[in-house]
Amino acid sequence: MYASSRYIKLNSKLDYALVYWVALFPLVNMIIYYATGKLFPIFFIPFLFILVILAIIQSALSNKVIHMPPYLILFGLFALYRTLWLFNFYIIGTYQSNWDFIFILIRDRFLKSFLLLLLMENIFLSDHELKKVIYLIIIIIGCGLFYSTLQIVYGYSFLNPFAAYKNLDVADFSIRSQSIFVWANAQELGMSVPMLLALILPFLEKRKFLRLFTIISSGIIIFLNMSRYMQLTFTVVLLTYPLTYKKHRARETIYNTFIILILLTSLIAVTSVTVLSKDSLINRLTSDSYRSRLLAVELFKKFIGENLIFGTGGVNTYDLVRELDGRSSHIHVGWLSIFYYYGLLGGLLYISSFILLIRDTYKLGKKNSYWGATIALLTFAIANMTGTSLYLDFIGFSILVLIKNFIIQHPQPETPTYINKEYA
């Protein structure tokens, strides 16, 4: 296991700074933007490369090895496979531009995902550092609540990095409050907040106020976005979390269900007195966007055979674009899109990697009674049944890996560490 002395343990100030940066990335990125005018700094992947090289040097000098679990090996192979596709496009293929290849590579989110998780798998968190991380998560969720409130008052274009939004009517239901998480990426809110909630709730067992604040803040942020898959994953977290613990199952389940109903009722009430309109809410909740998912299934069955083994390299073919006919921009179901765009070769690498990670978290739950990581992965799986967000560079994944390894290093199955100590 990770706790073996044969593996390196990254615990320098620079390593911890990376953890804090990841936890507060939306806030940090917003500050960087207003300080420099640059959105989503491209130096992040080169910075990760430097940290990985330093880790390799440290492992060589200490005669220890870098921890790379099976799921990460397979994901690394998938990232390499995608890189080969980029090489084919930009070096020997249609584009033939070395500089474009480098520019695309240092912005590639699959490569970033691999480097980030590789570092997180080797960073050691003490009790004190874990407590800091949990506080930072609560802080960023609190900032998200404040940010969402401002966007409801002043409109969705307020402090929104996507300039295109500024030219759209704020009453349009297609524009949603992305909260402060939009400064990380457009999918960060929906992918990370349910994951983070699932991950930290077990650590807040003895801090009822913080637990309630975190649940309600996360719920408000998610329900104000009006994305149904987010509401679904948030509900899944609240209803499955109590079922993983023997004590107070029924009471906690009823309590969390009550919170969900209050949040939904409050959202409907808020629409009547803010920049939102009742019509926009009703249109969103009753929209037929499910058709794009049905279309994805239909087109997947039609075109998967054309590039079955190797896929298309992540691009839409001419035939697919013609069939989409403006009804959607891509195969809008993540678990189907991975096979269409990267074929059986890439798809099986990715799916196998995800299954191995689920296996690791399931073993963790069985041995240490910590199911937060498994529930977090469940929300990711559900989200990709209705959308396409297959990157693993979301904040939720980094925190999941850190907590997973912390629990492994502190095994106490009968009286779990995370319940008996106050981490927040």
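This is a predicted model: local features need pLDDT of at least 70, side-chain atom pairs count only at pLDDT 80 or more; totals for chains, interfaces and linings use all residues.

Reader: Why is asparagine 63 called exposed?

Author: Its relative accessible area is 73%. The label "exposed" asks for over 50%, so asparagine 63 qualifies with its 73%.

Reader: What is the phi of asparagine 63?

Author: Asparagine 63 has a positive phi of about 60°, although it is not a glycine. As background, most residues other than glycine have a negative phi. Serine 369 also has a positive phi of about 60° without being a glycine. Serine 369 sits in the loop between α15 (334-368) and α16.

Reader: Why does serine 369 count as partly exposed?

Author: Serine 369 has 25% relative accessibility. Buried would need under 20%, and exposed would need over 50%. The value of 25% falls in between, so serine 369 is partly exposed.

Reader: What makes the meeting of aspartate 393 and lysine 112 a salt bridge?

Author: Their side chains come to 3.5 Å, N to O. The bridge links distant parts of the chain: aspartate 393 is in the loop between α16 (372-386) and α17 (395-409), while lysine 112 is in helix α6 (residues 109-120), 281 residues apart. Both aspartate 393 and lysine 112 are buried.

Reader: How do you know that lysine 404 and glutamate 121 form a salt bridge?

Author: Their closest N and O atoms are 3.2 Å apart. That is within 4 Å, so the name applies. Lysine 404 and glutamate 121 are both buried.

Reader: How many salt bridges does the structure hold?

Author: There are eight salt bridges. Another one of them joins glutamate 129 and lysine 132, with the closest N and O atoms 3.9 Å apart, which is within the 4 Å cut-off.

Reader: Why are glutamate 129 and lysine 132 separated by about one helical turn?

Author: Because they are three residues apart in helix α7. In general, an α-helix has 3.6 residues a turn, so residues three or four places apart point the same way.

Reader: Is glutamate 129 buried or exposed?

Author: Glutamate 129 is buried, because its 8% relative accessibility is under 20%. Lysine 132, at 34%, counts as partly exposed. Elsewhere, salt bridges that share partners join Arg109, Lys112 and Asp393 into one network.

Reader: Why is serine 217 called buried?

Author: Serine 217, found in helix α9 (residues 208-225), has a relative accessible area of 1%. Since 1% is under 20%, serine 217 is buried. Leaving aside residues up to four places away in sequence, serine 217 touches Ile141 and Leu145.

Reader: Which backbone oxygen does the side chain of serine 217 reach?

Author: The side chain reaches the backbone oxygen of phenylalanine 213, at 2.7 Å. A polar contact needs N or O atoms within 3.5 Å, and 2.7 Å meets that distance.

Reader: What makes helix α8 mostly covered?

Author: In α8, 13 of its 13 residues are buried. Helix α8 (residues 188-200) reaches 17 Å from its first C-alpha to its last, close to the expected 18 Å.

Note on methods: Residues are numbered from 1 along each chain as its sequence is written. Side-chain values use heavy atoms; hydrogens and water are left out. Helices (H or I, at least four residues) and strands (E, at least two) are DSSP runs, numbered from the N terminus. Buried means under 20% relative accessible area, exposed over 50%, partly exposed in between (1.4 Å probe, protein chains only). A polar contact is a pair of N or O atoms within 3.5 Å; within protein, one must be able to donate a hydrogen and the other to accept it, and residues adjacent in sequence count only if both atoms are side-chain atoms. Contact means heavy atoms within 4.5 Å. The expected span of a helix is 1.5 Å times one less than its number of residues.
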